Amino acid sequence: MPTLEPGYYVVSEMKAPDGYLLDETPKTVEIKTNTPTVVTFVNKPLAALQIKKIDAQTNAPLAGAVFKVTKHNGELI
């Protein structure tokens, strides 16, 4: 753990854990002598979409289907 001089610092999350959204809000913290400083970042889980193509009679998975996913405004994902 690095030793820091007392003062104000900005902490930014550079990479979120796999499966989570990056918390892009930088946090300004004040480091004081002999006082622990805690900085908390909150990561929300990524949303997921699972598309399954199945046979209507057997419910067996089918390969080879192609899907297009767009945002509500028509932007292709």
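Is Asn-59 buried or exposed? Asn-59 counts as exposed, because its relative accessibility is 53%. Here buried means under 20% relative accessible area, exposed means over 50%, and partly exposed lies in between, with a 1.4 Å probe and protein chains only.

A word on what you are looking at. This is a predicted model, in which local features need pLDDT of at least 70, side-chain atom pairs count only at pLDDT 80 or more, and totals for chains, interfaces and linings use all residues. Residues are numbered from 1 along each chain as its sequence is written, and side-chain values use heavy atoms, with hydrogens and water left out.

Start with the whole chain. The protein chain has two strands and zero helices. Both kinds of element are DSSP runs, numbered from the N terminus: helices are H or I with at least four residues, and strands are E with at least two. The protein chain is more spread out than a compact globule, because its radius of gyration is 23 Å, well over the 11 Å that the globule rule gives for 77 residues. That radius is taken over C-alpha atoms, and the rule is 2.2 Å times the number of residues to the power 0.38. The C-alpha trace spans about 70 × 30 × 15 Å along its principal axes.

Of the 77 residues, 6% count as buried. The chain exposes about 7,300 Å², and carbon and sulfur atoms supply 56% of this area. Accessible areas come from the Shrake-Rupley method with a 1.4 Å probe; for residues, only the protein chains shown count as cover.

Contacts tell another part of the story. A contact means heavy atoms within 4.5 Å. Take the contacts between residues at least 6 apart in sequence: 27% of them join residues at least 24 apart. For one pair, compare sequence and space. Val-66 and Leu-49 are 17 residues apart in sequence, and their C-alpha atoms are 15 Å apart in space. Val-66 lies in the segment after E2. Val-66 is exposed, with a relative accessible area of 77%.

Next come the charges. The protein chain carries 8 positive and 8 negative side chains, and the centres of the two sets lie 10 Å apart. Lys and Arg count as positive, Asp and Glu as negative; His and the chain ends are not counted. Each charge is placed at NZ of Lys, CZ of Arg, CG of Asp or CD of Glu.

Side chains of opposite charge can pair when their charged atoms come close. How many salt bridges does the structure hold? It holds three. A salt bridge is a side-chain nitrogen of Lys or Arg within 4 Å of a carboxyl oxygen of Asp or Glu.

Take them in turn. Asp-18 pairs with Lys-15, and their closest N and O atoms are 3.7 Å apart. Asp-18 is exposed at 71% relative accessibility, and Lys-15 is exposed at 64%. Asp-23 meets Lys-27 at 3.3 Å, N to O. Asp-23 is buried, with a relative accessible area of 12%. Lys-71 pairs with Glu-75, with the closest N and O atoms 3.8 Å apart. Lys-71 is partly exposed at 44%, and Glu-75 is partly exposed at 42%.

Finally, turn to the backbone. Phi of Asn-34 is near 60°, a positive value in a residue other than glycine. Asn-34 is found in the segment after strand E2 (27–31). At 78% relative accessibility, Asn-34 counts as exposed. Back to Asn-59: its phi is near 60°, and Asn-59 sits in the segment after E2.
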